[in-house]
Each structure stands twice: as structure tokens, then as C-alpha cells.
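This report walks through one protein chain, from its overall layout to single residues. Keep the sequence and the structure in view while reading.

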Amino acid sequence: MYASLVVLLGYTHTFTRTSQWKNQARYEVGNRLVCGFRQEGEREGELQFVLHYGRTVGAPIRTLFQGLFESFLARRNLTVQRYEPVFCSQDHQLNRAVVRDRVSAGAAFAFCA
Ligand SMILES: [Zn+2]
């Protein structure tokens with residue numbers, strides 16, 4: 001799955017692949033705007049991908065990258081669950097695993113560590 005996503009995003013010619021490690025690929029668009037994704041672990045029947053962006057990348061490019069990424073997932077028989085970054089009132093980012101567990105437990109809140 002990871003490898004085919006790397007290739008498919010490269011075919012778009014919108015995003016130019018600038019580097020790729022074992023589980024992580026990085027692209028650029030326009031004036032050195034960086035977008036990328038990595039695969040983070042694999043549980044039974046479940047793949048986790050994290051999309052990441054350079055600080056200067058605005059919402060339209062982020063949306064475009066995410067949309068392309070998800071359009072490739074949509075070709076497969078998959079269910080996509082999105083987890084946005086969550087911050088507490090003190091601006092601490094909650095651990096993604098905590099957010100995932102809380103959402104799947106149906107909770108509408110989490111405590112900050
Ligand atoms: Zn906090």
C-alpha cells in the first residue's frame with residue numbers, strides 16, 4: 001500500500017517527490033512547499049498514515065495533497081478514519097494513539113498528560 005501511494009502521488013505531476021525513506025515520502029509543489037506522508041505502524045487489518053506539511057504550506061495545498069492521497073485510498077476496499085491533531089487549552093498536542101483510542105471508545109474528551 002505504502003509503495004503504491006508513493007508511486008501514484010508521483011504520477012500526478014502536481015507534487016514532485018524529493019525524497020523517500022523506508023516508510024516516509026516527501027514531495028514539493030510550487031515554491032518549495034513541502035508535503036509528505038509516512039506509514040506509522042500496522043495493526044491487524046489496519047494501516048496508519050500520517051500526512052505532514054511544511055509550516056509555510058497553506059490550507060489549499062494541504063487540502064489538495066490530502067484529497068489526492070485519499071483518492072488513491074478510495075480505489076481500494078478500505079474504510080478511512082481521519083484523526084485531526086488535537087491540542088489542549090495549554091497548546092500541548094495530544095498523542096495520536098490517545099486520540100485514536102478515545103475516539104474509538106466514543107469519548108468526546110481526553111485528559112492532557
Ligand atoms: Zn496540556
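How far apart do the C-alpha centres of domain 1 and domain 2 lie? They lie 23 Å apart.

## Basis of the report

This is a predicted model, in which local features need pLDDT of at least 70 and side-chain atom pairs count only at pLDDT 80 or more, while totals for chains, interfaces and linings use all residues. Residues are numbered from 1 along each chain as its sequence is written.

## Overall layout

The protein chain splits into domain 1 (2-82) and domain 2 (84-113). These bounds come from an automatic or database domain assignment. Taken along the principal axes, the C-alpha atoms fill a box of roughly 40 × 35 × 25 Å.

Three helices and four strands make up the secondary structure. Helices (H or I, at least four residues) and strands (E, at least two) are DSSP runs, numbered from the N terminus. Along the sequence, the pattern reads α-β-β-β-β-α-α.

## Burial and contacts

Of the 113 residues in the protein chain, 7% count as buried. A residue is buried if 20 or more other C-beta atoms lie within 10 Å of its own, exposed if 12 or fewer, and partly exposed in between; C-beta atoms are placed from the backbone.

Contacts are counted between residues whose C-beta atoms, placed from the backbone, lie within 7 Å. Take the contacts in the protein chain with a separation of 6 or more: residues 24 or more positions apart account for 17% of them.

## The sheet

Strands of a sheet pair through backbone hydrogen bonds, either parallel or antiparallel. Here, an open sheet of four strands has the order S1-S2-S3-S4, and its pairing is antiparallel. S1 and strand S4 (46-53) are the edge strands; each has a single partner strand, so one side of each is left without a neighbour in the sheet. On average, neighbouring strands of this sheet are turned by 25° against each other, direction ignored.

Two strands count as paired if DSSP finds at least two bridges between them. S1 and strand S2 (residues 24-29) pair in the antiparallel sense over four bridges. They form a hairpin, with three residues between them. Gln20 has Ala25 in S2 as its bridge partner. S2 also pairs with strand S3 (residues 33-43), again antiparallel, over six bridges. Glu28 stands opposite Val34 in S3.

In soluble globular proteins, nonpolar side chains tend to be buried together. The largest nonpolar core in this model has seven residues: Leu9, Phe15, Ala25, Tyr27, Cys35, Phe37 and Phe65. S2 and S3 are the elements that give two or more residues to this core. A nonpolar core is a set of buried Ala, Val, Leu, Ile, Met, Phe, Trp, Tyr and Cys residues joined through C-beta atoms within 7 Å.

Which residues does Phe15 contact, leaving aside its neighbours within four places in sequence? Phe15 is in contact with Leu9, Tyr27, Val29, Cys35 and Phe65.

## Two loop residues with positive phi

His13 is not a glycine, yet has a positive phi of about 65°. His13 sits in the loop between helix H1 (2-11) and strand S1 (16-20). Is His13 buried or exposed? His13 is exposed, because 6 other C-beta atoms lie within 10 Å.

Asp91 is not a glycine either, and has a positive phi of about 70°. Asp91 is found in the loop between helix H2 (59-73) and helix H3 (96-104). With 7 other C-beta atoms within 10 Å, Asp91 is therefore exposed.

Conventions
Two residues are in contact if their C-beta atoms, placed from the backbone, lie within 7 Å. Axes are lines fitted to C-alpha atoms, for helices over the stretch in contact, and angles run from 0 to 180 degrees between N-to-C directions.
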